[in-house]
Amino acid sequence: MIALVAGSYGLKALGISKVGGRIERRLGPAVTLLPAALFAALVVIMTFEDAGTLTLDARAAGVAAGAVAVWRKAPLILVVAVAMAVTAAVRALT
Amino acid sequence: MKARFGTIPWIAGLIGRLGSSDGSRPYLRDCVIVSLAVAPTGVTFGVVADAAGFDLARIVVMSALVFTGASQFAAVGVINDGGSGGAAVGSALLLAARNALYGPVMRRSLPASVPARLGAAQFVIDETTAISTARTNRRDAAGAFWFSGIILWLVWNACSVAGALLGAVLGTPETWGLDAAFPAILVALLAPHLRTAAGRIAALAAAAVALGVVPVTGAGVPILVSIVALAPALWVRTRRTEPPAAGGTSDDTPDAAP
């Protein structure tokens, strides 16, 4: 538990420390591209990954519906509601 | 632990920031909506940790001090499956490693003083980084970071305790489609990053790389590996030209379209 607490806090602190500053300078303005890459990777992993393998299940339908809502400039609450509703519906039907 | 790192300066800084904010806070709604998704997830964590044999004290300590949902679920899951403490910590820290990658971006929105930074560090997670970097103006980005960090920390802790006490009376959140809520939120908060060609290429290539390496790596690793996607994005940005076709970058990785 101590290792977990120290490790997870240490990783967060490392990023905003001088080490993170060096990375920030090295990447320059490109550091602003990091969130685009990391969040895109997170989205697809959260959508298609299940226990170490890629699967296509109800989540994909829900997230796709949410993405359409984002594209149509829907407010965030609607995006979440659509994604959850579609996922729950597809899951109930399959 | 945090008191030693100077709780008072960063709380004072936060209050000062809230007090000085004269305009609207467009990120408030984002914080509330993300909290609505975090709350049931926190309850689920409490239920799962309780079922895995964690006592209330350890659940409280974990949610308060680890405060990274994916890592907490991983650690509890490994223990529940009969894994060793070392394996639990290893997989949890691999998932937490991406928080270190958020640091270089978040630094610009954080205060310069060391005690304030040590306080801020605890809140550098997926959700706060997403809410904060969706803001273009630096003051909003800082406000969004602190606001979402503190709100989500409170919600996460209260709800994981509630889950531990309530036990499994609530049913599985998958029934309500909660597992699609977080990727959908991230899609929404990713959208502002896709306004530039370089941002679109970084996102597309990172998604392709992450999916491509899933079968050959453990949990958490695909996210870390995905930063190689910065290379093509940087190349495009340096050339300062529009990409010939956005889809062209993923042709060599068919996994991008599962």
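Author: A pocket is an open set of grid points with protein on both sides within 12 Å along at least five of seven lines. This is a predicted model. About 1,100 Å³ of space lies in its second largest pocket.

Reader: What makes a residue part of the lining of that second largest pocket, and which lie closest to its centre?

Author: A lining residue has an atom within 4 Å of a point. The lining holds 42 residues. Closest to the centre are Val70(A), Val187(B), Ala188(B), Ala191(B) and Leu194(B).

Reader: Which elements give two or more residues to the lining?

Author: Chain A supplies helix H3 (34-48), helix H4 (58-71) and helix H5 (76-93). Chain B supplies helix H2 (27-51), helix H9 (181-190) and helix H10 (197-213). The largest share, seven residues, is from H10(B). Domain 1 (3-172) and domain 2 (196-258) of chain B each give at least three residues.

Reader: How many residues of the lining are nonpolar, polar and charged?

Author: By class, 33 are nonpolar, two are polar and seven are charged.

Reader: How do you know how many residues of chain A and chain B are in contact?

Author: Contact means heavy atoms within 4.5 Å. By that rule, 56 residues of chain A and 77 residues of chain B take part. The two chains bury about 5,900 Å² between them, with 80% of it on carbon and sulfur atoms. In chain A, Tyr9(A), Lys12(A) and Ile16(A) lose the most area to chain B, together 14% of what that side buries.

Reader: Why is the pair Arg91(A) and Asp179(B) called a salt bridge?

Author: The cut-off is 4 Å from nitrogen to carboxyl oxygen. The closest N and O atoms of Arg91(A) and Asp179(B) are 2.8 Å apart, so the pair qualifies.

Reader: What about Arg107(B) and Glu24(A)?

Author: Their N to O distance is 3.2 Å, so this pair is a salt bridge too. Arg107(B) lies in the loop between helix H5 (85-106) and helix H6 (114-121) of chain B, and Glu24(A) in helix H2 (residues 18-27) of chain A, so the pair joins two chains. Three salt bridges cross the interface of chain A and chain B.

How values were computed
Residues are numbered from 1 along each chain as its sequence is written. Chains are lettered from A and ligands numbered from 1 in the order in which they are written. This is a predicted model: local features need pLDDT of at least 70, side-chain atom pairs count only at pLDDT 80 or more; totals for chains, interfaces and linings use all residues. Side-chain values use heavy atoms; hydrogens and water are left out. On a 1 Å grid over the protein atoms alone, a cavity is a set of points where a 1.4 Å probe fits but cannot get out, and a pocket is an open set with protein on both sides within 12 Å along at least five of seven lines; lining residues have an atom within 4 Å of a point. Grid points are joined across faces, edges and corners, and a volume is the space filled by probe spheres set on the points. Helices (H or I, at least four residues) and strands (E, at least two) are DSSP runs, numbered from the N terminus. Ala, Val, Leu, Ile, Met, Phe, Trp, Tyr, Cys and Pro count as nonpolar, Asp, Glu, Lys and Arg as charged, and the others, Gly among them, as polar. Domain bounds come from an automatic or database domain assignment. Buried area is the accessible area (1.4 Å probe) that two parts lose on being put together, summed over both. A salt bridge is a side-chain nitrogen of Lys or Arg within 4 Å of a carboxyl oxygen of Asp or Glu.
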